[in-house]
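Please examine the sequence and the three-dimensional model below. The account that follows is meant to be read alongside them.

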Amino acid sequence: MMKYLIMVLMVLLAGCATGGTSPQQQELADAYYNLGNAHMRLGEHSRAVRAYQRSLEIIPDHYEASCNLASAWSTQGNYRNALRQIESLLEADPEHTQLLNTAAWLNLQLGKAETALALYRQAHQADPGDLEIRQGIVKVLMDLGRFEQARSEALALVEYGGAEKPHLLLLFEIDVHLEHERSAEWLQEAWKRFPGDVEIAEPLFQYYAEARRAAPASEVLAGLIDQGKTAEAAQFMEGYADQSLAEKIQEALPEDMRSAVLEELTQ
């Protein structure tokens, strides 16, 4: 591999005076790009960075190498370098929604929530139909403590993208912060739409357990067990319910389900 790269590099250097990107340059840049990808697959992120950098030294506007270099730096936790790389790509394509989305996320990792929000807004303006970007706006507003704004954006998200699980969970979390009395209704709606989903079941069971409502809490466990998730049901019992409440919840379960949960708890 190394001998091959040296031979191609010699051809490249011999043809530099002609200007433009020669086939040999493209071949060598792609070779380093593919080498970087191989290092990434092996978890060798520092080597991947060097390979992508070599690709960009040969062809500075090698788009794929530039994107993957940002990814490699991000994987290493070097968010500043990753952001610089993404920003250089945005200079050439300022309305590229995925680049804006990535830049927003990187700014969040650097503690720059206001900048992230502005980037998400810019991406949303470029593509109003991108649900991931809309969710990003909601989450940043929550991080900034602007829950009323976040709620308005989340409701618009549901209206546009439907009552999907992530949208309903966001509304539940927002309404908990706003201390809305009917916040759990978002979870209940999500549970109707996606029965047996652990991500929904956990906060819903916790809500019923804290309210000491044994019957609906047992229904959540039954929904999990119906989906073959007895171990998760047992973990909820162990983690959130005190002994007296646990007994009431167990009593509300059908006998076969109660036995299955008790078996898990004694293992």
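This is a predicted model: local features need pLDDT of at least 70, side-chain atom pairs count only at pLDDT 80 or more; totals for chains, interfaces and linings use all residues.

Helix α8 covers residues 131–143. Its 13 residues reach 18 Å from the first C-alpha to the last, close to the 18 Å expected at 1.5 Å a residue. At the start of α8, D130 places a side-chain oxygen within 3.0 Å of the backbone nitrogen of E132. Just after the helix, G145 adopts a positive phi of about 80°.

Much of interest in α8 concerns its buried residues, which are I133, R134, Q135, G136, I137, V138, V140, L141 and M142. The elements that cover these buried residues include α6 (97–109), α7 (113–126), α9 (147–161) and α10.

S55 counts as buried because its relative accessibility is 0%, and the cut-off for burial is under 20%. Leaving aside neighbours within four places in sequence, S55 is in contact with A29, Y32, Y33, H62 and A65.

The loops supply two residues other than glycine with positive phi values. E179, in the loop between α10 (165–177) and α11 (184–193), has phi near 60°. E179 is classed as exposed because its relative accessible area is 69%, and the class requires over 50%. R212 is located in the loop between α12 (198–210) and α13 (214–226), and its phi is near 55°. With a relative accessible area of 44%, R212 is partly exposed.

Technical notes: Residues are numbered from 1 along each chain as its sequence is written. Side-chain values use heavy atoms; hydrogens and water are left out. Helices (H or I, at least four residues) and strands (E, at least two) are DSSP runs, numbered from the N terminus. Buried means under 20% relative accessible area, exposed over 50%, partly exposed in between (1.4 Å probe, protein chains only). Contact means heavy atoms within 4.5 Å. The expected span of a helix is 1.5 Å times one less than its number of residues. A polar contact is a pair of N or O atoms within 3.5 Å; within protein, one must be able to donate a hydrogen and the other to accept it, and residues adjacent in sequence count only if both atoms are side-chain atoms.
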